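Thanks for coming. I have one model to go through today, and I will keep to what was computed from its atoms.

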Amino acid sequence: MTRMLFPLPHPRWCAPLLACAVGLLSACGGGGSSPPSDTPSITVGPAAATAKAGGSVTFSIQVVGSGLVFQWQLSLDQGATWADIAGATAAEYVIAAADLTLSGTWYRVRVSGGGQTVTSDPAKLVVACSPLAPRMNGRAFYDACLDVTWLADANLAATLPLGVAGIGADGSMPWTSAVAWVQ
């Protein structure tokens, strides 16, 4: 068996040869830790959000890459299962009017490009009611979440019968009397 020996370059040539080899590897995509530019990399994921009932909320991400495809997903069971949201295919997902049924839902986005797919961490949405709005000089309060007006004094009908019959001493009344009293 014949062995071939390769002479080592003179020490003064080692540094230039090494620099040249690293340059060649970087130019052809090797030797570096950076992914190709079309491979997605999420730099900022969606953040948890709180919205008032009826208000809008926006989830967004920042991502590096080119030719990327986005698909937002929704989880109703704290991330156990996920479903694609129809039409939610941009780096931003907007809910125009959040309602109470969306409180506690989770959102994430899948980003595809360069033959790779990455998925963001989930972000939780909390939908809160607006504060009660006083009505009738503080004798009633409007609840925008339920679209009802609450009496500040549950016994107001007993002290202020407004000429309606059938109201008990504790303010209780049958449905027909309640409708007449409200009107």
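First, the ground rules. The model is predicted, so to speak of local features we need pLDDT of at least 70, and side-chain atom pairs count only at pLDDT 80 or more, while totals for chains, interfaces and linings use all residues. Residues are numbered from 1 along each chain as its sequence is written, and side-chain values use heavy atoms, with hydrogens and water left out.

The protein chain has 3 helices and 13 strands. Helices (H or I, at least four residues) and strands (E, at least two) are DSSP runs, numbered from the N terminus. Of its 183 residues, 21% count as buried. Buried means under 20% relative accessible area, exposed means over 50%, and partly exposed is in between, with a 1.4 Å probe and protein chains only. The chain exposes about 12,300 Å², and carbon and sulfur atoms supply 60% of that. Those areas come from the Shrake-Rupley method with a 1.4 Å probe; for residues, only the protein chains shown count as cover. Taking contacts (heavy atoms within 4.5 Å) between residues at least 6 apart in sequence, 46% join residues at least 24 apart.

Now the last strands. Two strands pair if DSSP finds at least two bridges between them. Strand 11, residues 133-135, pairs with strand 12, residues 140-143, in the antiparallel sense over 3 bridges. Across that pairing, Pro-134 is opposite Phe-141. Strand 12 also pairs with strand 13, residues 148-151, again antiparallel, over 4 bridges. There, Tyr-142 faces Thr-149.

Which residues have a positive phi in the turns? In the hairpin of strands 11 and 12, with 4 residues between the strands, Met-136 has a positive phi near 50 degrees. Asn-137, in the loop between strand 11 and strand 12, has a phi near 55 degrees, also positive in a residue other than glycine. Met-136 counts as partly exposed because its relative accessibility is 45%; Asn-137, at 80%, counts as exposed. The hairpin of strands 12 and 13 also has 4 residues between its strands, and Asp-147 in its turn has a positive phi of about 55 degrees.

Next, the largest pocket, which holds about 350 Å³ of space. The search runs on a 1 Å grid over the protein atoms alone: a pocket is an open set of points with protein on both sides within 12 Å along at least five of seven lines, where a cavity would be a set of points where a 1.4 Å probe fits but cannot get out, and lining residues have an atom within 4 Å of a point. Points are joined across faces, edges and corners, and the volume is the space filled by probe spheres set on them. The lining includes Met-136, Thr-149, Trp-150, Leu-151 and Trp-181. Strand 13 gives the most, with 3 residues. The lining divides into 8 nonpolar, 2 polar and no charged residues. Here Ala, Val, Leu, Ile, Met, Phe, Trp, Tyr, Cys and Pro count as nonpolar, Asp, Glu, Lys and Arg as charged, and the others, Gly among them, as polar.

Last, Ala-91, in the loop between strand 6 and strand 7. Is Ala-91 exposed or partly exposed? Its relative accessible area is 27%, so Ala-91 is partly exposed. Leaving out residues up to four places away in sequence, Ala-91 touches Phe-59, Ser-60, Ile-61, Phe-70 and Trp-72.
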